Amino acid sequence: MAREDGVRNSMAAAAAVLLAATAGAADFDLGVKAGVNLATLSGGGLVGGDVSDELERRTGLVLGAYARFPLGQVLAVQPELLYSQKGFRLDAFGVDVTGELDALELAVPLRVDFLEDGAVRPFLLAGPYLGIEMSSEVSVGALGVDVDQDIGDEVKDTDFGLLAGAGLRFPLGSLSLDLEARYAWGLTGLSELPGDDVKHRVLSILAGVAF
C-alpha cells in the first residue's frame with residue numbers, strides 16, 4: 001500500500017509540474033513520442049565484479065508525452081512523462097533470465113536546437129530524470145518452462161539519473177517530427193539488498209510528433 005501511495009503521489013507531482021509549466025508559457029510545443037529501449041544494468045553485485053560483464057540488453061518499449069518550452073532562439077526546456085520498460089537479460093547454460101524493471105519517468109532535460117525554423121534542425125539534449133518503479137519481475141525460462149517472480153520488495157521505489165542525446169527535427173506543415181537517440185545513466189542503486197549496487201543503463205531510440 002505504501003508503494004502504491006508513493007507512486008500515486010509521484011504521478012500527481014509530475015502532472016502538476018507539466019501543468020504549471022504549460023500555464024506559464026506563451027509559446028510551446030506539446031507532443032507524443034514512442035520508441036525502443038535497449039536496457040541493461042551496471043555496477044557491483046552481491047558476488048562482486050561488474051554485472052554488465054555478464055548481462056545482455058533487454059529490448060523494451062518507451063512511450064509518453066512531452067512539451068518543449070523555448071527559452072530563446074536556441075535553448076528550450078523539455079519536460080517529459082514516459083512509461084519506460086527497462087531491465088536486463090542473462091542467457092547462460094540454457095537458462096534465459098529476463099529482469100523486467102518497468103518505470104514511470106519524469107525527465108526535465110535542456111534542449112539546444114540549431115539552425116532556423118522551417119528547416120531540418122539538429123538538436124542536443126541533456127538533463128536529469130526521476131524514475132518511479134511500476135513493476136519489477138524476473139522471468140526464468142528453461143526446458144520450455146517459464147517461471148515469473150515478483151521482486152518488488154528487493155527493488156527501490158525510485159531511481160534518479162542523467163540522460164543525454166541528440167536528434168533531428170523535421171517540419172511537417174503545422175507539425176514537427178523529432179527523431180532522437182539518447183543514453184540514460186542511473187546514479188542511484190536499485191537494490192534494497194545490502195552490498196548490491198546495480199544501476200540502470202539504457203539506450204533509447206525515439207520518434208516524437210509535436211503539435
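**Entry 1. Strand 6 and its neighbours**

I began with strand 6 and strand 7 (residues 121–142), which pair in the antiparallel sense over four bridges. I took strands as DSSP runs of E with at least two residues, and helices as runs of H or I with at least four residues, numbered from the N terminus. Two strands count as paired if DSSP finds at least two bridges between them. I looked up valine 112 and found that its bridge partner in strand 7 is leucine 124.

I then turned to strand 3 (residues 75–77), which is joined to strand 6 by three bridges and runs antiparallel to strand 6. Here alanine 76 has arginine 111 as its bridge partner in strand 6.

**Entry 2. Basis of the model**

I noted that this is a predicted model, in which local features need pLDDT of at least 70, side-chain atom pairs count only at pLDDT 80 or more, and totals for chains, interfaces and linings use all residues. Residues are numbered from 1 along each chain as its sequence is written, and side-chain values use heavy atoms, with hydrogens and water left out.

**Entry 3. The chain as a whole**

I recorded one helix and 11 strands in the chain. Along the sequence the pattern reads α-β-β-β-β-β-β-β-β-β-β-β. The chain has 211 residues, and 40% of them count as buried. Buried means under 20% relative accessible area, exposed means over 50%, and partly exposed lies in between, with a 1.4 Å probe and protein chains only.

I also looked up contacts (heavy atoms within 4.5 Å). Among those between residues at least 6 apart in sequence, 65% join residues at least 24 apart.

**Entry 4. The faces of strand 6**

Strand 7 and strand 8 pair in the antiparallel sense over six bridges. Serine 139 has aspartate 148 as its bridge partner in strand 8. The two strands form a hairpin with two residues between them, and leucine 143 in the turn has a positive phi of about 55 degrees.

**Entry 5. Salt bridges**

I counted a salt bridge wherever a side-chain nitrogen of Lys or Arg lies within 4 Å of a carboxyl oxygen of Asp or Glu. The structure holds 16 salt bridges.

One of them pairs arginine 182 with glutamate 80, with the closest N and O atoms 2.8 Å apart. Arginine 182 lies in strand 10 (residues 175–186) and glutamate 80 in strand 4 (residues 80–92), so the pair ties together parts that are 102 residues apart in sequence. Arginine 182 is buried at a relative accessible area of 6%, and glutamate 80 is buried at 0%.

Arginine 89 and aspartate 96 meet in another salt bridge, at 2.8 Å from N to O. Arginine 89 is partly exposed at 23% relative accessibility, and aspartate 96 is partly exposed at 29%.

Aspartate 178 forms a salt bridge with arginine 169, with the closest N and O atoms 2.7 Å apart. Both aspartate 178 and arginine 169 are buried. Salt bridges that share partners join Asp29, Arg68, Arg111, Asp113, Arg169 and Asp178 into one network.
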